[in-house]
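Trainee: I would like to learn how to read helices, loops and contacts in a structure. Could we work through one example together?

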Amino acid sequence: MKEVKKQGGLNAEIQSRIGHQLRAMYDDVVRQGVPDRFAELIRKLDGPEAAAAQIDEPAKNDGRD
Amino acid sequence: MPLTDTLRDDILASVPSLRAFAISLSGNGDRADDLVQETLLRAIANIDSFQPGSNLPAWLFTILRNLFRSDYRKRRREVEDAEGNYAKTLKTQPAQNAHLEFEEFRHALDKLPQDQREALILVGASGFSYEDAAAICGCAVGTIKSRVNRARSKLSALLYVDGAEDFGPDETVRAVIGGNGG
């Protein structure tokens with residue numbers, strides 16, 4: 001860690017490379033767009049009640065661990 | 001506010017980045033999509049509590065992050081499984097060198113404490129301001145800044161300092177190291 005701080009120039013290069021890799025990983029998924037299952041889900045829900053009805057309530061099952 | 005068609009469209013437009021966030025957090029494509037589905041259902045079920053005009057992506061990310069957190073407490077990340085599943089979510093396999101580098105990066109990211117990983121992703125990849133990231137994580141802006149800094153310095157130690165001699169004739173790395181002299 002000390003090495004990184006000493007070499008300010010190298011550190012800046014490394015940081016920009018890390019930023020680039022992070023965004024590359026993330027944007028790869030973003031570029032896939034909206035999978036059909038989600039487009040369909042949002043289209044068919046006509047309101048909060050319909051959505052609430054589809055949520056499993058985990059608390060019901062393992063509320064006492 | 002009520003679930004208008006505009007709001008539906010806006011929610012839908014957030015799905016790609018919600019998925020990217022979920023995959024970055026969980027390291028598992030299948031689980032990430034379950035998280036996104038649960039997030040969308042909860043968002044719509046609680047749409048009345050969304051303040052019109054406020055930041056919709058930040059609101060959705062908050063829901064997803066909280067779901068991931070509560071899920072995480074129940075079952076730990078399956079790191080072994082993560083890479084295989086993540087690879088399946090990629091449309092095109094990167095070229096081999098890039099792929100190795102990618103795996104290495106993914107591994108290093110997995111080694112960060114969860115607080116630091118999520119802060120880094122929100123600020124460094126999702127493009128949220130420190131203020132929005134702090135609101136999403138329910139902590140102070142200064143805390144987010146320090147988590148992001150620690151995440152960056154840990155990643156740089158994991159990826160580029162300890163193993164610096166291991167790098168072969170990779171042009172980018174050579175350029176990085178060479179650039180130091182100038």
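Predicted model: local features only at pLDDT ≥ 70, side-chain atom pairs only at ≥ 80, totals over all residues.

Trainee: What elements does chain A contain, and in what order do they run from the N terminus?

Mentor: Chain A has 5 helices and 0 strands. Read from the N terminus, the order is α-α-α-α-α.

Trainee: How many residues does chain A have, and what percentage of them count as buried?

Mentor: Chain A has 65 residues, and 35% of them count as buried. The chain exposes about 4400 Å², with 48% of that area supplied by carbon and sulfur atoms.

Trainee: Where does Pro35(A) lie?

Mentor: Pro35(A) sits in the loop that links helix 2 (8-30) and helix 3 (36-44) of chain A. Its relative accessibility is 22%, so Pro35(A) counts as partly exposed. The cut-off used here is that buried means under 20%.

Trainee: Which residues does Pro35(A) touch, leaving out those up to four places away in sequence?

Mentor: Pro35(A) touches Val15(B) and Arg19(B). For a distance within chain A, take Ala52(A): Pro35(A) is 17 residues from Ala52(A) in sequence and 22 Å from Ala52(A) in space, C-alpha to C-alpha.

Trainee: How is a pair of packed helices described?

Mentor: Two packed helices are described by the angle between their axes and by the distance between those axes. In chain B, the axes of helix 1 (residues 5-26) and helix 2 (residues 29-45) come within 8 Å and cross at roughly 135°. Helix 1 of chain B and helix 2 of chain B are therefore oblique to each other. The crossing of helix 1 of chain B past helix 2 of chain B is right-handed.

Trainee: Which residues make that contact?

Mentor: On helix 1 of chain B they include Val15(B) and Arg19(B), and on helix 2 of chain B they include Leu35(B) and Val36(B). By type, the residues of this contact divide into 10 nonpolar, 2 polar and 3 charged.

Trainee: At what angle do helix 6 and helix 8 of chain B cross?

Mentor: The axes of helix 6 (residues 114-124) of chain B and helix 8 (residues 141-161) of chain B cross at roughly 100° and come within 8 Å. That makes helix 6 of chain B roughly perpendicular to helix 8 of chain B. Among the residues in contact are Ala119(B) and Leu120(B) of helix 6 of chain B, and Val148(B) and Leu155(B) of helix 8 of chain B. The residues of this contact divide into 7 nonpolar, 1 polar and 4 charged.

How values were computed:
Residues numbered from 1 in each chain as written. Chains lettered and ligands numbered in written order. Heavy atoms only, no water. Axes fitted to C-alpha atoms, helices over the stretch in contact; angles between N-to-C directions. Helix = DSSP H or I, 4+ residues; strand = E, 2+ residues; numbered from the N terminus. Parallel < 35°, antiparallel > 145°, perpendicular 65-115°, else oblique. Left-handed = near helix turned anticlockwise from the far one by under 90°. Contact = heavy atoms within 4.5 Å. Nonpolar A, V, L, I, M, F, W, Y, C, P; charged D, E, K, R; others polar. Buried < 20%, exposed > 50% of the residue type's maximum accessible area, 1.4 Å probe, protein only. Areas by Shrake-Rupley, 256 points an atom, 1.4 Å probe, with all protein chains shown as cover.
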